[in-house]
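Hi,

Here is the model I promised to pass on.

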Amino acid sequence: MVLKIHGSIKLPCGQRVACICNEKKIPYEFVPVDMSQQEHKKAPYTDFQPFGQVPYIDDDGFILFESRAICRYLVKKYANQGTQGLIPSGDLEAEAIFERGVSIEIETFNPFAADIAIEKYFKARGGGQPDEKRVAELVSDFHKKLDVYELLLSKHDYIGGDEVTLADLFHLPFGCLTQSLGLDELFIDHTKRPNVARWWTVITNRSSWIAVVKEAQGL
């Protein structure tokens, strides 16, 4: 049975799952959820995702929601295919650096990237206007966070260690959405943050992510 992702390839959390499927060579298909009709907020959708968020997966009857949990599950289930090492194991220090990277993405990166996207992208889709003062504050704070990324990435090639891991790939959906909103300087400033620019260029050019972008664009 092909893995079914209930959600949308056009939304960040669905993209996160699709990217890992591509890394692990897992066939998948999206089951569309009409969010304009609030399908994700009522049964039968909420029978499987009680928080009313997208996506959730159906893996031959096994239901799981929360995109990062889904990605970890898929990496472990399909450990012997596709990209190896997305979750380090066998080296306690490498595992700790990876877990630190995952925590940094969730606690430090995602709140700013997601809030900027809400203000400048999702509000507009709903017919609203961004709070530009709030955006300016978020961008200013985000610069400070990425200055620390520059330090970390001067010591390791990736945010989760010396090889690409889920910690890096988890950044892609909201990071690329934020970048597309005219905020290239956050990610690609070779003068101020050369290590961040190097890292971001490498992970955004992975074939797994390029395939997601093309799918989202209908190409």
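Let me start with Asp168, which is buried but has no salt bridge: Arg206, the nearest side chain of opposite charge, is 8.2 Å away. By buried I mean under 20% relative accessible area, with exposed over 50% and partly exposed in between (1.4 Å probe, protein chains only). A salt bridge here is a side-chain nitrogen of Lys or Arg within 4 Å of a carboxyl oxygen of Asp or Glu. For charge, Lys and Arg count as positive and Asp and Glu as negative, while His and the chain ends are not counted.

Before going on: this is a predicted model, in which local features need pLDDT of at least 70 and side-chain atom pairs count only at pLDDT 80 or more, while totals for chains, interfaces and linings use all residues. Residues are numbered from 1 along each chain as its sequence is written, and side-chain values use heavy atoms, with hydrogens and water left out.

Back to Asp168, which sits in helix α6. Helices (H or I, at least four residues) and strands (E, at least two) are DSSP runs, numbered from the N terminus. What does the side chain of Asp168 have beside it? A polar atom of that side chain lies 3.0 Å from the backbone nitrogen of Thr165. Leaving aside residues up to four places away in sequence, Asp168 touches Tyr158, Ile159, Gly160, Glu163, Trp199 and Ile203, where contact means heavy atoms within 4.5 Å.

Next, the helices. In α7, eight of the nine residues are buried, among them Leu172, Phe174 and Cys176. The cover over the buried residues of α7 includes α1, α4 (92–125), α5 (132–153), α6 (166–169), α8 and α9. After α7 comes Gly182, with a positive phi near 85°, in the loop between α7 and α8. Gly182 is exposed, at a relative accessible area of 58%.

Helix α9 (residues 207–216) has Ser208, Trp209, Val212 and Ala216 as its buried residues. Seen down the axis of α9, these fall within an arc of 95°, so they line one face of the helix; the arc is that of the directions from the helix axis to the C-beta atoms. As background, an α-helix has 3.6 residues a turn, so residues three or four places apart point the same way. The buried residues of α9 pack against α1 (12–23), α7 (172–180) and α8 (194–204). Gly218 follows α9 and has a positive phi, near 75°.

Finally, the strands. Strand β3 (residues 56–59) pairs with β4 (residues 62–65) in the antiparallel sense over four bridges; strands pair if DSSP finds at least two bridges between them. Across that pairing, Ile57 has Leu64 as its bridge partner and Asp58 stands opposite Ile63. The hairpin has two residues between its strands, and Asp60 takes a positive phi near 55° there. Strand β1 (residues 3–7) also runs antiparallel to β3, joined by three bridges, with Ile5 opposite Ile57. Which way do the residues of β3 point? Tyr56 and Asp58 point one way, Ile57 and Asp59 the other, and all are buried.

Cheers

Notes: A polar contact is a pair of N or O atoms within 3.5 Å; within protein, one must be able to donate a hydrogen and the other to accept it, and residues adjacent in sequence count only if both atoms are side-chain atoms.
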